[in-house]
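Q: Let us read this model feature by feature. Please give the general idea each time, then the case at hand.

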Amino acid sequence: MNQKLKVGILGATGTVGQRFISLLDNHPWYQVVTVAASPRSAGKTYLEAVGERWKMDMAIPENIKDLKVLHVNEVETVAATVDFVFSAMDMPKAEIKALEEAYAKAEVPVVSNNSAHRWTPDVPMVIPEVNGAHFAVIKDQRKRLGTQKGFIVVKSNCSIQSYAPCLAAWAEFEPEEVVVTTYQAISGAGKTFAEWPEMVGNIIPFIGGEEEKSEQEPLRILGRVENGAIKPATFPKITCQCVRIPVLNGHSAAVFIRLKQKATKEQLIEKLIDFKGLPQEEALPSAPKQLIQYLEEDDRPQVTLDVDYEHGMGISVGRLREDSMYDFKFIGLSHNTIRGAAGGAILCAEALTAKGYIR
C-alpha cells in the first residue's frame, strides 16, 4: 500500500479506544488522524482529555497527544477527515446504533467493537478466519442505506473468541451440543484493579448480557448469507455461564462438546493446529501466523504464560480429552482486549481492505 489510509476512532478516550490507539501505532496500512469522543472531551487535546486515565502499558504515541478531540456527534466534521472509522463508543445501545448508521450514510465505513449492530440482519459480525465470506452481505446493506462506500461491520463478543474458532475448525465433525463456562478478566469491564479493588481475591458469578451473547453469537458466526441477510446456524446448541475473575487480561473457557461424527483426539488437535482463513492466506499485518496453538502440558493454557500468544491475536487450547458424559472437553484462552476487542476489529478492517471494501 503506497499511502496509508486515514483512520478515525470514535470513543477514543475509553479503554477500547486507547487499545486501538496503541495497536495502530506505526501500523503499515493505517494512520490515526482523528479522535472523537463525548462533549466533555471535545475541544481538548487527546492528552488533556485522557490524562491519568491512560491504561495501556505503552505511553500515548507522540503523534496522538496533541490531536484535538472532536465531538463524536458531529458526523460531517469527523467524516471529512477520514477514510474509515473504528467505533468504540460507550453510550446507550440505541444511540450507538443510530450514530454508526449516520457515519455509514456519510459514506464512511464503520468497523465497530460495539454490540449495537451485531444482530442487524445485513451487518456482518465477523471473526475474519471463520466467516469472512459474510462480507458479501455488505452490498445489500449499502442498498438499504443508500450508500456507495459507507457500511457497518462488527466484531463478535470478546467472550466467544476462545472457543468459537474451535467449533469452526471441527465443522466436519458436526458439533451438536456445547456447554461452556467462561472465566472473564476485569479489563472486559473496562476496569483495572485500582478501580475495582473488590475484585481482588474475588469472583462474581454474573456478567450482564454475556451468557446470551456467548450462546447466540457463535451461531451467527457459523451461519450463512441468504437473501441479503445473515441466517444463523441452528447447531450446535450452546449453553453458557459467565464468571468474572481476578485477572487483568485474558478470557478463559471450559468447554464440553458432543459431536455428531466420531473423531479422535489426534484428529481434533490436527484440525486446530491447521485451521486458518483469509487473514493467514492474505498475510494481513495483524494476523497470527497460526491462529490456534495446542498445548500438551496438563496445566496449560495459563493466563500469565499464554495470553500474549501471537501478540495477543492467537488462541491457546489445552487439556483436550475424552469426557464421561460428552465426547470431549477442553480449555481455551484468548486476550480479551486484543483479539477480543480492538485487535479483532483491526483485523476485520485489514480483511475489508484486502477485499477492496475499504479503500
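Q: Which residues of helix 1 are buried?
A: Buried means under 20% relative accessible area; exposed means over 50%, and partly exposed lies in between (1.4 Å probe, protein chains only). In helix 1, the buried residues are Thr15, Gly17, Gln18, Arg19, Phe20, Ile21, Ser22 and Leu24. Helix 1 spans residues 15–24 and is mostly covered, with 8 of its 10 residues buried. Helices (H or I, at least four residues) and strands (E, at least two) are DSSP runs, numbered from the N terminus. This is a predicted model: local features need pLDDT of at least 70, side-chain atom pairs count only at pLDDT 80 or more, and totals for chains, interfaces and linings use all residues. Residues are numbered from 1 along each chain as its sequence is written, and side-chain values use heavy atoms, with hydrogens and water left out.

Q: What covers the buried residues of helix 1?
A: Look for contact, meaning heavy atoms within 4.5 Å. The cover includes strand 1 (5–10), strand 2 (30–37), strand 4 (84–87), helix 2 (46–50), helix 3 (62–65) and helix 13. After helix 1 comes Asn26, with a positive phi near 65 degrees.

Q: How do I read the open sheet, and in what order do its strands lie?
A: Start from pairing: two strands pair if DSSP finds at least two bridges between them. Here 7 strands form an open sheet in the order 3-2-1-4-5-7-6, with parallel pairing. Strand 3 (69–71) and strand 6 (125–126) are the edge strands, each pairing on one side only. Inspect one pair inside the sheet. Strand 4 and strand 5 (residues 110–112) run parallel and are joined by 3 bridges. Val85 stands opposite Val110 in strand 5.

Q: Which strands pair with strand 8, and in what sense?
A: Check each partner separately. Strand 12 (residues 251–259) runs antiparallel to strand 8, with 8 bridges between them. Thr182 has Ala253 as its bridge partner in strand 12. Strand 11 (residues 237–244) pairs with strand 8 in the parallel sense, over 8 bridges. Tyr183 has Val243 as its bridge partner in strand 11.

Q: Which way do the side chains of strand 13 point?
A: In a regular strand, side chains alternate between the two faces of the sheet. In strand 13 (residues 292–295), Ile292 and Tyr294 point one way, Gln293 and Leu295 point the other way, and all are buried. Strand 13 pairs with strand 14 (residues 315–322) in the parallel sense, over 4 bridges. Ile315 in strand 14 is the bridge partner of Ile292.

Q: How does the lining of the largest pocket divide by residue class?
A: Ala, Val, Leu, Ile, Met, Phe, Trp, Tyr, Cys and Pro count as nonpolar; Asp, Glu, Lys and Arg as charged; the others, Gly among them, as polar. The lining of the largest pocket has 13 nonpolar, 22 polar and 13 charged residues.

Q: Which residues line the largest cavity?
A: The count is 1 cavity of 30 Å³ or more, and the largest cavity has a volume of about 40 Å³. Val126, Ile127, Pro128, Lys155, Ser156, Gln161, Arg339, Gly344 and Cys348 line the largest cavity. Helix 13 (residues 338–354) gives the most to this lining, with 3 residues.

Q: Why does Ser156 count as buried?
A: Ser156 counts as buried because its relative accessibility is 0%. Ser156 sits in the loop between strand 7 (152–155) and helix 8 (164–169). The side chains of Ser156 and Gln161 make a polar contact of 2.9 Å. A polar contact is a pair of N or O atoms within 3.5 Å; within protein, one must be able to donate a hydrogen and the other to accept it, and residues adjacent in sequence count only if both atoms are side-chain atoms.

Definitions and conventions. 1 Å grid on protein atoms, 1.4 Å probe; cavity = no way out; pocket = protein on both sides within 12 Å on 5 of 7 lines; lining within 4 Å. Points joined across faces, edges and corners; volume = space filled by probe spheres on them.
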